[in-house]
Amino acid sequence: MSSEFYIPETVSEAVNLKETLKRAFYLGGGTILNAWTKKSAKKLISLHKLGLKSIERQTGFISIGAMTTLTELFNGGVMKDNYPLEEILKSCKIVSKNIRNMATVGGVLGSRYTRSDFLPLFLVLEAEVVSITSEGERRESVEDFLMRPPSKSGLITNILVKEDREPFFFKSARFARNSNDLPVIKMAVFYTPLGTTMTDLKIAAGGLYDKPVRLYELEEALEGKNYDDDKISSLIGETLNQMAPARTDLRGNGDFKKAVAASLLEDIIAAS
Amino acid sequence: MKIKLILNGKKKTFNENPMKSLAKILRESGLLSIRTNCDGEGTCGACSVILNGVKVNSCQVRFGQLSDGDDIFTAEGLAKGRELHPIQRAFLKAGVVQCGHCTPGMMLAVKEMLDNCENPDIEDMKDYLSGNLCRCTGYKQYFDVLKYLKDENPGQPKTFRDDLRIVGKPVEKVDGPRLVKAEPSYVGDMVTPDALIIKVKKSPYPHAFIKDIDTSEAEELEGVELIVTYKNGPSKPYNTAGQGYPEPSPYDFHLVDRTMRYYGDRVAIVAAVSEEIADKAIELIKVEYELLPAVFSPFDAKKPGAVLIQDRDISVDPLPIGQDPKTNRAAHNAGGIGDVEKGLQEADVVVERDYGSHRVQCTPMETHRCFGYIENGRLTLRASTQVPWHLRRIIANILDIKENQIHIIKERVGGGYGSKQDLVIEDIVAWVVWQTGKPAYHEMTREEEFVNSRVRHTMFFRVRAGAKNDGTITALDIREVSDTGPYGNHCLTVPMNACSKSLPLFKCENMRYDVSTYYTNNVISGAYQGYGAPQGSFAIQMAVAELAHKLGIDQLELLRKNMVEKGYHLEILKSLGEGQEGIAQVISSCGLKECLDRGAELIGWDKPLVSDKPYIKKGRGAAIIQQGSGLPGIDSANAEIKMLGDGTFMILMGGTDLGTGLDTLAVKVSSETLCCDFDRFSIISSDTDVTPFDVGAYASSGTYFSGMAVYRAALDMKSKLLEKGAELLKTDLKNVKIEYPGFVTDGTSKLSYAEISAATQCGTGSGQIIAEGNFTTEEAPIPYGAHFAEVSVDTRTGEVVVDKYYAVQECGTPINPELALGQVYGGVVKSIGHCIYEEMKFDNKGKCLNPNFMDYKVPMIRDLPEEFKCELIEVADHLGPYGGKSVSEISTNGAAPAIGIAIYNATGIWMQEWPFTAEYVYKALKENKDVPHLYDFTTGMKK
């Protein structure tokens with residue numbers, strides 16, 4: 001198959017190309033698709049002329065354009081000034097400089113990597129993905145988006161993160177082998193504190209299973225508990241042990257990963 | 001498509017395929033600062049450019065993603081003509097330009113930081129350099145770059161030898177300017193457009209016999225020039241290890257064999273006019289395999305009835321090294337001093353433990369590359385090699401031609417660390433060029449570098465150590481089983497070095513070793529910085545620390561009581577030779593005590609450790625280390641110095657500079673000896689047509705052997721200058737001396753070197769003054785050191801964090817102090833990586849599962865310990881040039897035992913294998929016991 005490269009000028013043109021071409025990929029920053037080893041990506045639809053870079057306030061949301069690089073996100077004034085999402089900005093800073101300067105928010109979503117520094121955060125924030133298909137615009141939760149087969153994803157235009165939900169607690173933690181590694185495990189927690197009680201608790205993990213997921217069993221077990229409860233640690237461990245086996249891969253077996261997930265969760269809650 | 005770009009401030013229009021990578025386009029347009037070392041994964045940063053103000057990996061940008069007016073800045077844009085940019089100057093001053101392959105990317109990282117930060121600090125440095133891999137320097141001295149840019153004094157390195165003018169003082173290395181300016185330096189920079197591109201078809205099985213191979217379809221492909229298989233390749237066996245002849249390694253390797261012995265072994269070599277055609281041809285080659293049983297453990301390989309991996313005739317081997325292919329044994333040696341059993345009986349406490357290590361990769365930034373062509377009917381190879389002369393000898397043997405028909409040019413080497421002591425691809429290029437008569441180039445991908453280059457030997461030890469209640473060590477007994485993989489390059493010498501660099505640290509009267517190496521169907525083992533010493537150091541130092549624990553004696557106290565000192569007679573070295581009897585040594589100088597004392601002071605050895613979290617346990621550990629300085633009785637080196645017409649000099653040195661600063665050392669030694677300035681010397685090194693013989697860069701021989709050859713050449717030049725000066729001044733030889741900056745004087749009159757040169761080179765003169773130096777020896781100085789680590793262990797996950805690391809070493813006189821210090825930092829950081837996360841992984845078919853930097857992690861700048869310092873202390877020695885000893889390899893020997901002992905002191909569990917990955921430590925903590933060996937040493941059963 002010969003290589004083909006397309007540079008649409010509009011979103012609709014890009015979507016039409018994707019519908020027309022077989023096995024074509026949307027190309028964002030290029031840190032994934034342009035890796036030389038990914039020789040299967042022979043047809044690319046570059047999104048660099050579509051804009052999709054704005055970070056702006058919309059009613060009740062911060063909208064982040066899909067082509068916003070992680071560096072632009074980190075430097076984005078709207079994020080810094082209007083919405084205290086330090087965890088997202090911190091995660092931008094974890095990524096190495098060269099990658100941060102190229103990788104886009106849309107690419108982060110589109111990659112669906114389980115070992116993602118961002119997807120668990122978007123999951124607990126109940127962020128929404130806006131995408132365009134030939135059938136029109138679709139707005140859905142990140143969780144639903146991740147359930148959808150990649151071929152049915154559409155063109156991601158932006159992600160919406162709810163604004164101003166104080167008081168809240170939002171924190172994440174990661175375990176990686178070294179500083180430029182994708183996380184072996186990434187955990188994110190969001191809840192509304194009522195005194196020392198955790199309410200409306202949301203927990204998500206990357207690296208534990210084949211895709212980043214909300215950990216509903218843990219949320220249920222810990223909902224309404226005091227964050228300084230002595231039994232939190234054992235509750236976390238017991239609940240994780242009852243959950244489906246974690247995936248085993250090069251970075252460790254499932255038991256080890258659950259132990260890491262438990263420790264990260266303990267640390268996050270201890271920071272309440 | 002056409003795009004108008006701004007490239008380094010100038011408009012330039014490119015017309016390229018939109019799919020093509022920006023890296024390739026820039027490289028093809030002559031910008032040599034763009035280096036592609038990670039298969040486009042974006043994990044090394046060597047192809048960095050600044051695109052519209054931000055640094056990106058150009059290998060990950062497609063041309064079609066660019067737009068008219070995009071602004072691209074590369075490292076070539078830094079210097080203005082011959083004038084270096086302040087960033088380039090700061091890099092040279094800080095000593096961070098070693099092999100130089102990462103340097104352009106690193107400089108752009110600093111530029112991006114300066115462009116974006118008003119007053120950058122160390123945290124900014126870590127952030128902006130976070131995407132750039134440097135394997136040589138250990139990163140620490142990059143922080144000095146920032147200080148130099150701010151006109152601050154970084155306070156290091158120290159200077160040494162106040163009695164000397166230039167030796168022991170920092171200077172800009174002689175090859176520094178060309179490296180920071182990205183001038184043509186490396187093999188890849190020399191390739192001509194007409195070169196054939198070589199690719200290799202690899203075995204998909206760990207052990208198989210090729211029943212038949214059909215290349216007809218591939219050969220019909222237009223543009224395919226040559227395909228080499230077992231059918232038409234040379235039949236001569238050889239060894240790929242670049243070692244002194246006769247080599248202590250078996251001749252068990254063929255250019256292309258009919259039997260495949262590991263996953264990735266050579267099936268066929270294809271040379272074609274382009275990479276695309278070569279790749280296509282490889283796909284068209286049809287192979288019929290007969291699968292054979294495979295063994296992946298040396299313990300399985302040694303079992304009776306195990307499949308034989310090298311069922312061959314050993315009469316072709318150059319030396320008897322205990323090889324027995326009928327039992328898969330590649331090498332064996334045993335020996336010792338005293339009576340170990342008696343020593344153990346006399347002991348009040350005995351430790352008996354098994355230790356093991358896993359495979360790690362050298363991962364030089366520049367993968368293996370070689371370019372060859374015919375010139376005047378002779379074969380020329382431009383190679384990134386540590387051993388130009390061994391390369392010439394081995395190639396002559398393979399091609400069945402004479403050495404005078406071969407010219408090897410060692411280009412700047414983008415990192416070697418041992419991997420380039422072997423012929424990994426040079427034999428392939430030589431064969432293709434010699435058969436086709438056409439220029440040809442081969443460049444390994446990063447994946448090939450992992451699979452087909454050389455890895456550190458997996459070694460298994462059973463150590464028995466005994467000591468009396470007063471702490472006197474009475475016996476050290478080490479049995480070792482090593483895995484050489486399918487071929488026996490270095491199969492005796494690396495495993496032997498595990499003993500010869502660990503046992504002689506102790507004044508123990510009863511020592512014994514028994515070393516066996518077996519063939520397996522794993523990837524090929526070979527040389528890696530330390531050359532077996534890190535594995536042996538781990539085993540012996542851990543056992544001695546456990547002795548101290550059992551005796552209730554502080555570890556440092558036990559070490560002080562038993563460690564060697566200046567003047568001690570190392571009888572054990574007599575038996576620990578390299579395929580022949582070794583030479584017992586008397587220690588010419590020893591800084592062990594000073595290193596140990598200083599390290600203990602830096603880390604606060606006696607201070608209590610406090611953890612603020614119950615699940616975080618803290619501990620400290622230490623290790624004493626040594627290496628050698630070349631191989632006395634085996635190595636040799638030569639150099640020449642020619643006087644030029646204006647009284648300047650040209651040094652021709654056989655020694656091989658791998659980025660370590662050997663060329664600079666040669667110039668400094670010459671400058672010091674001949675009492676004139678550094679800039680009056682130029683140097684050519686490692687060119688087999690131009691420079692004299694040297695064994696090459698391995699066994700830590702550079703400073704001592706190559707340095708002494710240059711020193712002797714300089715002394716010879718001095719002697720000739722004095723003789724000629726006396727003659728011209730019409731005085732007696734005893735009345736003259738040389739004087740800075742380049743005169744011969746009798747106290748009243750003086751002649752400049754230029755005047756002497758004019759007098760000797762003119763028509764009535766006696767001819768150009770040419771001096772020679774040769775060095776062989778039966779004694780060599782030993783460098784010593786002590787490393788200290790402080791760790792935190794998260795007992796919930798097994799995560800080990802190295803909080804503090806101090807390395808104190810002595811190399812006699814540090815001739816290039818800033819470069820020597822950089823090598824210590826580099827060795828330490830590499831070895832911390834080896835301890836915590838570096839590990840090659842394989843499936844049950846022997847296929848490497850992590851042959852890339854995404855899955856095999858190496859330390860980056862943000863991975864340095866929170867407190868991290870390396871120091872050099874000065875020790876007077878009389879053997880080397882101005883007292884210099886080796887410095888680099890030793891640095892890799894301390895981390896594993898120091899960290900392993902620290903983990904014990906934190907958790908109460910002795911580590912028996914490394915790396916100490918979180919998962920491994922987690923398992924040990926969970927089971928609350930010392931983790932058993934991967935294999936039971938006696939039965940060979942997998943645990």
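## A walk through a predicted two-chain complex

At 1% relative accessibility, B:Thr363 counts as buried (buried is under 20% relative accessible area, exposed is over 50% and partly exposed is in between, with a 1.4 Å probe and protein chains only). B:Thr363 sits in the loop between β13 (349-357) and β14 (369-375) of chain B, where helices (H or I, at least four residues) and strands (E, at least two) are DSSP runs, numbered from the N terminus. B:Thr363 also has a positive phi of about 45 degrees, although it is not a glycine.

Before going further, some ground rules. This is a predicted model, in which local features need pLDDT of at least 70 and side-chain atom pairs count only at pLDDT 80 or more, while totals for chains, interfaces and linings use all residues. Residues are numbered from 1 along each chain as its sequence is written, chains are lettered from A and ligands numbered from 1 in the order in which they are written, and side-chain values use heavy atoms, with hydrogens and water left out.

Chain B has a mean pLDDT of 96, with 98% of its residues at 70 or more; for chain A the mean is 92, and 95% of its residues reach 70 or more. Where pLDDT is low, the predicted coordinates should not be read in detail.

Let's take chain A as a whole. Its secondary structure comes to eleven helices and twelve strands, and its C-alpha trace spans about 60 × 40 × 35 Å along the principal axes. A compact globule of 272 residues would have a radius of gyration near 19 Å, and chain A agrees with its 19 Å (the radius is taken over C-alpha atoms, and the globule rule is 2.2 Å times the number of residues to the power 0.38). Buried residues make up 57% of the 272 residues in chain A. As for contacts (heavy atoms within 4.5 Å), take those in chain A between residues at least 6 apart in sequence: 57% of them join residues at least 24 apart.

Chain B has 23 helices and 36 strands. Its radius of gyration is 28 Å, close to the 30 Å that the globule rule gives for 943 residues, so chain B is as compact as a globular protein of that length. The C-alpha trace of chain B spans about 80 × 80 × 65 Å along its principal axes. Of the 943 residues in chain B, 67% are buried. Among contacts in chain B between residues at least 6 apart in sequence, 77% join residues at least 24 apart.

Now for some helix packing. Two packed helices are described by the angle between their axes and the distance between the axes. Axes here are lines fitted to C-alpha atoms, for helices over the stretch in contact, and angles run from 0 to 180 degrees between N-to-C directions. Across the two chains, helix α11 (residues 254-270) of chain A packs on helix α23 (residues 918-927) of chain B at about 90 degrees, with their axes 10 Å apart. That makes α11(A) roughly perpendicular to α23(B) (under 35 degrees counts as roughly parallel, over 145 as roughly antiparallel, 65 to 115 as roughly perpendicular and the rest as oblique). On the α11(A) side the contact is made by A:Asp255, A:Phe256 and A:Ala259, and on the α23(B) side by B:Ala918, B:Glu919, B:Tyr922 and B:Lys926. These residues divide into four nonpolar, no polar and three charged (Ala, Val, Leu, Ile, Met, Phe, Trp, Tyr, Cys and Pro count as nonpolar, Asp, Glu, Lys and Arg as charged, and the others, Gly among them, as polar).

Within chain B, helices α19 (residues 702-729) and α20 (residues 753-761) pack at about 80 degrees, with axes 10 Å apart, and are therefore roughly perpendicular to each other. Here B:Leu721, B:Lys724, B:Gly725 and B:Leu728 in α19(B) meet B:Tyr753, B:Ile756, B:Ala759 and B:Thr760 in α20(B).

The loop between α19 and β29 of chain B holds B:Lys730, which has a positive phi of about 55 degrees although it is not a glycine. B:Lys730 is exposed, with a relative accessible area of 75%. A cis peptide bond joins B:Tyr740 and B:Pro741, with omega about 5 degrees.

Definitions and conventions:
pLDDT = per-residue confidence, 0-100.
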